[in-house]
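Thanks for asking me to look this one over. Here are my notes, point by point, to read alongside the model.

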Amino acid sequence: MDLILLESISIILITAVVILLIFNKLKLPSMIGLFLTGIILGQFIHSTDIITKISELGVIFLLFIIGLEFSIEKYSAIKKYALVGGILQVLITTLLVSLLTAIFKFPFNEAIFLGFLVCFSSTAIVMKIIQKQHLTHSIQGKVTLGILIFQDIAVILVLLLTPLLGGESIDLSNLPSTIITLTALTVIILAGALWIVPKALHEAARTKNRDLYMLLVLFICLGTTYATSAVGISPELGAFIAGLLISHTEYSHQTLGYIQPFQDVFMSIFLISIGLMINVEYFIYNIVLIIVLAIVVLLIKFIATFITGRVLKLPIGTIVSISILLSQIGEFSFVLAGEGIKYSLLSNEMFTTFLAVSIITMSSTPFLQKATPKILNLFKKIPRFKVDEELTNIKHEEHYEEELEDHIVIVGFGVNGKNIARACDHYDIPYLVVDMNPVIVEKEKSYGIPIIYGNAANENVLKELKITSAKCLVIVTNTLESTTKTVDTARRLNPDLHIIVRTRFVRNVEELYEMGADEVIPEEFETSIEMFSRVMDYYNKDVDEIIDTIDTLRSDNYNTFRCVSPEEITAKLSERLTDLNVGSLNVSKKKRLDEYDFSDYDLTVTSIIRNNKTLVGFSPNFPLEIDDLILFTGNPENINCFIKEQYHSENETIPNI
């Protein structure tokens, strides 16, 4: 391991941690802290090439996630805003910037390129603000999302046009080979999207091996990026294509959960690397010019988006909100600026100025967004503008999806999950299902069940299940670790959510209540309750007495049974039942169940406990193992006679009853 690289990364990370802690205390945006980290460290770290190359993975993963979340079906209802709004916003911004720079005698190609640099907004910043302010399902959020989608796709086209703006000519002699290469790549991508990638993900998911699945996803992302780069296509477009390969599969939500941490880490390093490139001396010396240019950029982008909103006939209040959200320069512009230097469209001095201006516009966005009400009040004073917050011009069918509220989220689609779903269908209660078995997901989807593949412990999966607007979460899986993580994450995302959990053992009840569950149903205890209630019914016991016994045992959230063994549970059940006793027998030799004379003593075997697991539904010739515990019921005298017979005949170990 290169110790210099390790030292540099360690210094960067600890500095970022300290600065972000301070920014968190001051309630300042973390993005400004990351820029500041880079600016400070730039005075001490002089060789940044390796860090810059590592940081480029942040852009790769960001575009991969954009492709992963892109869905024609999902965004078809906002195509008006994504296409019309996106095209207008990009063209108007580019035109205004190009005209302004042309006034200062910039060459035509450089003026157009500067317009492209400014027109793109920051997907990372805007989406974080939208999510934090709960604007995702508002009209502001939907229109902004539509324009950002167009920008994210348009930046790929601009990257392809940049060499032409830089004076590179198209070599027509290579056109046939280029067409053949692109055709072959298109065929491979289509084959991958339709057959190869879904099949590979399906097989990886079936193994339930997290490491295997994650490595496969990383290979799809980085491998596709490498393959497209090798044939002359930008790595950004390759990463976007890689995301598209998975976006239409049922594994997209779980994949997003695996990739998101990588994207967060590398995007943080990317933003720090931007700060590393800032020349502090130049920044201080030209501070007035930089601030003026930043204000000009903010105004131009505000005006361009405002005009776009008016063409779309949006309310003034909505237009102002969107214009502020999209007023900054985006992270993709940094990538584009790098290409501009490569093709001599930007000088080093212009690049430094552009970085400084971009950082100021990005850093100002959270503060401008908070000032939206004050800015809106200024528009109210202008007679020409009628500030109306009612969304009268937005048709219901233009909403990209029908919002689901007060629904039930079912985690696990085994027998219990299916029964809950059937009950929901019967009573017309909306529900969504998630399961980690790809075979079940594929099968149930074909039946029209609203089910997705994923681990409910993952925040992205829960968000896809619209957990924030759900009324109830029902967890019927068997894995305690996953269940506790799901409860904790769901409770954090929706404090008002009612959470019902099934667990296998009574001893886990307390832990799940502490994690935030509202109701915990231990399978171990409920199975024994059901068995004993049927036994009592078989012996014609009074129904009210049986119900009273069960209610008493269930009272206080099973508090009496949280720290007791299965043998102690059966003993307590015996105390509540007057005419029948519960007996138990420890097996000391391997034999079949029918080798014991239970029927001769009119005894009924109710269950067998093996390694703290309760076994039911066994046949008469069920093979027993050493240390199995057989539970049975019957008349007290018959139980005693049976136990004495077993003790004298086979010297079995008989526990105290």
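What share of the 657 residues in the protein chain is buried?

1. Let me start with that overall picture, bearing in mind that this is a predicted model. Buried residues come to 50% of the 657 residues in the protein chain. The chain exposes about 33,100 Å², and 59% of this is supplied by carbon and sulfur atoms.

2. On secondary structure, you will find 27 helices and 10 strands in the protein chain. Among contacts with a separation of 6 or more, 73% are made by residues 24 or more positions apart.

3. The largest nonpolar core has 124 residues, and F64, L201 and Y213 are the members that touch the most others. Setting aside residues up to four places away in sequence, F64 touches V217, C221, A239, F240, A242, G243, I246, T255 and I259. Apart from this core lies another, of 24 residues, including V411, L462, A470 and A517.

4. V118 is worth a stop on your tour. This residue sits in helix α6, which covers residues 108-119. Is V118 buried or exposed? With a relative accessible area of 8%, V118 counts as buried, because the cut-off for that label is under 20%. Beyond its neighbours within four places in sequence, V118 is in contact with T93, V97, V297, K301 and I329. V118 and L298 are 180 residues apart in sequence, yet their C-alpha atoms are 9.6 Å apart in space.

5. Finally, please turn to strand β10 (residues 629-634), where six of its six residues are buried. Both faces are covered, with L629, L631 and T633 on one side and I630, F632 and G634 on the other.

6. Which strands pair with β10? One is β7 (residues 581-586), which pairs with β10 in the antiparallel sense over six bridges. Here L585 has I630 as its bridge partner. Another is β8 (residues 604-610), also antiparallel to β10, over five bridges. In that pairing, T604 stands opposite T633.

Key
Residues are numbered from 1 along each chain as its sequence is written. This is a predicted model: local features need pLDDT of at least 70, side-chain atom pairs count only at pLDDT 80 or more; totals for chains, interfaces and linings use all residues. Side-chain values use heavy atoms; hydrogens and water are left out. Helices (H or I, at least four residues) and strands (E, at least two) are DSSP runs, numbered from the N terminus. Buried means under 20% relative accessible area, exposed over 50%, partly exposed in between (1.4 Å probe, protein chains only). Contact means heavy atoms within 4.5 Å. Accessible areas come from the Shrake-Rupley method with a 1.4 Å probe; for residues, only the protein chains shown count as cover. A nonpolar core is a set of buried Ala, Val, Leu, Ile, Met, Phe, Trp, Tyr and Cys residues joined through side-chain atoms within 4.5 Å. Two strands pair if DSSP finds at least two bridges between them.
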